[in-house]
Amino acid sequence: MSVTQFKIIIVDDEPDGRGIIKGLLLQYFPEILIVAEAGGVTDAVKALTEHEVDFVFLDIDLKDGTGFDVLDQLADVNFNVIFT
């Protein structure tokens, strides 16, 4: 039986927050692939334009804006968003 591998980006301005999410995901869902992490709006937009992903774990309050700013700057939102 084949296991689907989901590609994920984690966006959080706090490194500890990203680490906790990453640790939990890898512990409970070893089949996922974390393709990028971002600490702010600019880095998140760059990562999301470079990678096709299935899910984004997106912090609402970032130091340089909000998670909504990230989504507003993308031409296409073709992934699932989980706000953290």
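1. Valine 56 is in contact (heavy atoms within 4.5 Å) with Ile9, Val11, Leu48, Phe79, Asn80, Val81 and Ile82, when its neighbours within four places in sequence are left aside. The model is predicted: local features need pLDDT of at least 70, side-chain atom pairs count only at pLDDT 80 or more, and totals for chains, interfaces and linings use all residues. Residues are numbered from 1 along each chain as its sequence is written, and side-chain values use heavy atoms, with hydrogens and water left out.

2. A nonpolar core is here a set of buried Ala, Val, Leu, Ile, Met, Phe, Trp, Tyr and Cys residues joined through side-chain atoms within 4.5 Å; buried means under 20% relative accessible area, exposed over 50%, and partly exposed in between (1.4 Å probe, protein chains only).

3. Helices (H or I, at least four residues) and strands (E, at least two) are DSSP runs, numbered from the N terminus. Helix 1 (residues 15–28) has 14 residues and spans 20 Å from first to last C-alpha, close to the 20 Å expected at 1.5 Å a residue, the expected span being 1.5 Å times one less than the number of residues. Its buried residues are Gly17, Arg18, Ile21 and Leu25. Seen down the helix axis, these fall within an arc of 100° and so line one face of helix 1; the arc is that of the directions from the axis to the C-beta atoms. Their cover includes strand 1 (7–11), strand 2 (33–38) and strand 3 (55–58). The face of helix 1 turned away from the buried side carries the exposed residues Pro15, Asp16, Ile20 and Gln27.

4. The whole structure holds 2 aromatic pairs. Rings of Phe, Tyr and Trp (its six-membered ring) pair if their centres lie within 6.5 Å; planes under 30 degrees apart count as stacked, over 60 as edge-to-face and the rest as tilted. Phenylalanine 6 and phenylalanine 55 are edge-to-face, at 5.4 Å centre to centre and 75° between the planes. Phenylalanine 6 lies in the segment before strand 1 and phenylalanine 55 in strand 3, 49 residues apart.

5. Phenylalanine 68 and phenylalanine 83 have ring centres 5.2 Å apart and planes at 40°, so this pair is tilted. Phenylalanine 68 belongs to helix 3 and phenylalanine 83 to strand 6 (residues 80–83).
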